[in-house]
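Hi everyone, thanks for making time this morning. Please have a look at it first.

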Amino acid sequence: MAFEHYSVLLEETITNLKIRPEGIYVDGTVGGGGHALEVVKRLSGKGRLFGMDQDDAAISAAGERLGVFSERVTLIRSNYCNIRSVLQEYNIEKVDGILLDLGVSSYQLDTEERGFSYRFDANLDMRMDRRQSLTARDIVNDYPEQEIYRIIRDYGEEQFAKNIARHIVQAREVRPIETTGELNDIIKASIPAKCRQNGHPSKKTFQAIRIACNRELDVLRDSLDTMIEMLNPRGRICIITFHSLEDRIVKTAFKRQENPCTCPPEFPVCVCGKKPQGRMVTKKPIKPSEKELAKNSRSGSAKLRVFEKK
């Protein structure tokens, strides 16, 4: 199956990135190369784009899509949390812009054997980087009930999280839960029929387990300050989120970098010495237009936030 991923908020992201033809840019979640292609088109021969992704299929697809610009593009199979060490290998300390399009790609959702989707019956996997050992199967079969409950409650914002966790543990005591179909049946049995009207009953739980499996929120939280620090003056970071917790992490980090002072409000002047690193360009997130939503319903929860380095 070809690696396909609709480039959400493409025009808005490229406009807000304020691309400089001779600049250095990083797409930390290059995917199929949709956003990256529009970035590299705007670069001169002196400009450079680094595309990072932990999914081998994404790197392969991006290589094909960006091949005509190969002299300006470097593709690296790695998580964006490694951005500093990866770029240091190319003697690069600062960049002019960073882009992150978070979440799961259409390719990953639609490829049965990747085990991301409740629409197919496949082995429980959900790894974005298939080199890692932890899979969704390990979480479902080995994690304590309280931890499974916390994951589904916090990452899936699922009101029946406690009941789903209990049913998972009861089922695995009989035999291991091996497939997405088996997990799907357990989730359905955990939610009252009258409450299954708003979307697929497994959507939130599958999302939660995927986030936990790939440590998506931890990676984002731990990487934001480093990425902002790596920006050149007037450089920008554009981040597209699809989950309320992701968006909250980005918003909080951007606010803190805009106003890092930790002095008590009653102090007449700042004495902590922490200086603003830049400004939030988007006080409110940019959301997809009605036209875009009509083309791609999966973009409905997308939010774009932008920060500019001082």
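**Cores, spaces and rings**

Let's begin inside: the largest nonpolar core has 59 residues, and Ile 168, Leu 183 and Ile 237 are those with the most contacts within it. By nonpolar core I mean a set of buried Ala, Val, Leu, Ile, Met, Phe, Trp, Tyr and Cys residues joined through side-chain atoms within 4.5 Å. Buried is under 20% relative accessible area, exposed is over 50%, and partly exposed is in between, with a 1.4 Å probe and protein chains only.

A word on the source: this is a predicted model, where local features need pLDDT of at least 70 and side-chain atom pairs count only at pLDDT 80 or more, while totals for chains, interfaces and linings use all residues. Residues are numbered from 1 along each chain as its sequence is written, and side-chain values use heavy atoms, with hydrogens and water left out.

What does Ile 237 touch? Leaving aside residues up to four places away in sequence, Ile 237 touches Ile 98, Met 227, Ile 228, Leu 231, Phe 254, Arg 305, Val 306 and Phe 307, where contact means heavy atoms within 4.5 Å. There is also a second, separate core of 25 residues, and Tyr 25, Ala 36, Leu 37 and Val 39 are among them.

Grid points are joined across faces, edges and corners, and a volume is the space filled by probe spheres set on the points.

The largest pocket holds about 1100 Å³. Its lining has 42 residues, with Tyr 118, Lys 203, Lys 204, Gln 207 and Ser 301 nearest the centre. Which helix gives the largest share of that lining? That is α10, with 6 residues; helices here are DSSP runs (H or I, at least four residues) and strands likewise (E, at least two), numbered from the N terminus.

The structure has 1 cavity of 30 Å³ or more, and the largest cavity has a volume of about 400 Å³. Of its 33 lining residues, Thr 29, Asp 53, Asp 101, Gly 103 and Met 128 lie nearest the centre. Here α11 supplies the largest share, 4 residues.

Finally, the rings. There are 3 aromatic pairs, counting rings of Phe, Tyr and Trp (its six-membered ring) with centres within 6.5 Å; planes under 30 degrees apart are stacked, over 60 edge-to-face, and the rest tilted. One of these is Tyr 118 with Phe 206, edge-to-face at 5.7 Å centre to centre and 90 degrees between the planes. Tyr 118 sits in the loop between α5 and α6 and Phe 206 in helix α10, so this pair ties together parts 88 residues apart in sequence. Tyr 118 is partly exposed at 22% relative accessible area, whereas Phe 206 is buried at 3%.

Phe 254 and Phe 307 make a tilted pair, 5.3 Å centre to centre with 40 degrees between the planes. This pair links helix α12, which holds Phe 254, to strand β7, which holds Phe 307, 53 residues apart. Both Phe 254 and Phe 307 are buried.

Notes: On a 1 Å grid over the protein atoms alone, a cavity is a set of points where a 1.4 Å probe fits but cannot get out, and a pocket is an open set with protein on both sides within 12 Å along at least five of seven lines; lining residues have an atom within 4 Å of a point.
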